[in-house]
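Thanks for asking me to look this one over. Here are my notes, point by point, to read alongside the coordinates.

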Amino acid sequence: MRADIVPGAVFPDYELPDQEDVPRKLSDLQGEDPMILTLARGHYCPKEHQQHLELAAFYPKIAVSYTQIVTIATDEHHTLQEFRSSVGAQWPFLSDPGRIVQRDLDIAEYTDPDNDPMIPYTLVLKPGLVVHSIYNGYWFWGRPTTSELWQDLRAASSEVRPDWDLSKPGLREAWDSGDHSAFHGWNKRPNA
């Protein structure tokens, strides 16, 4: 991984086609929420299937927690669709058969010249694509468990959500006065 991709740094805002072949930017997919980003070897890898099956089982919690998830794989379009479908994923999968991300981040898995995959990383990103944590999954045990992701997302969310602790001084007063700008979701309403 490039030396500048560390906690606190801004991750590159790649634009790649999704499973429907629609170009998507990471920042647009993330919006104002924390995001789990997996950089995957691809459909051929049983380790990827296992990790993504676990993420798919975890997805209902991700979906209700104002958190996004995106997978980038080196698979071409139809193989990417098969990968996404085979693990029951409901989040965007981005296709990078040209290995733009692999080259830019310097994560070519040189031990597999036949498939030329990326070294699989999982990142937790705070809003603005700010890196919170990085896991190197070359060996399966290097990949985060859903419990570790939960801990990372708790820490990241508490940093970026002004209304994380409703007992924080001033929040009740702001709410009562009609100032909802510090309250996630409410800050987008016309009277916020």
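1. The accessible surface of the chain is about 9800 Å², and carbon and sulfur atoms hold 53% of that area. Please keep in mind that this is a predicted model. Buried residues account for 45% of the 192 residues in the chain.

2. On overall dimensions, the C-alpha atoms occupy a box of roughly 65 × 30 × 30 Å along the principal axes. The radius of gyration is 18 Å, which agrees with the value near 16 Å for a compact globule, because that is what the rule gives for 192 residues.

3. The chain has six helices and seven strands. Read from the N terminus, their order is β-β-α-β-α-β-α-β-α-β-β-α-α. Among contacts with a separation of 6 or more, 59% join residues 24 or more positions apart.

4. Which residues touch the most other members of the largest nonpolar core? In this set of 22 residues, they are F11, L26, L37, L39, I72 and L123. Two or more residues each come from helix 1 (26–30), strand 3 (35–40), strand 4 (68–73), helix 4 (100–105) and strand 6 (121–126).

5. F11 deserves a look of its own. Beyond its neighbours within four places in sequence, F11 is in contact with I5, L26, L37, L39, L105, L123, L125, L129 and V131.

Conventions. Residues numbered from 1 in each chain as written. Predicted model: local features only at pLDDT ≥ 70, side-chain atom pairs only at ≥ 80, totals over all residues. Heavy atoms only, no water. Core = buried A, V, L, I, M, F, W, Y, C linked by side-chain atoms within 4.5 Å. Buried < 20%, exposed > 50% of the residue type's maximum accessible area, 1.4 Å probe, protein only. Helix = DSSP H or I, 4+ residues; strand = E, 2+ residues; numbered from the N terminus. Contact = heavy atoms within 4.5 Å. Rg over C-alpha atoms; globule rule 2.2 N^0.38 Å. Areas by Shrake-Rupley, 256 points an atom, 1.4 Å probe, with all protein chains shown as cover.
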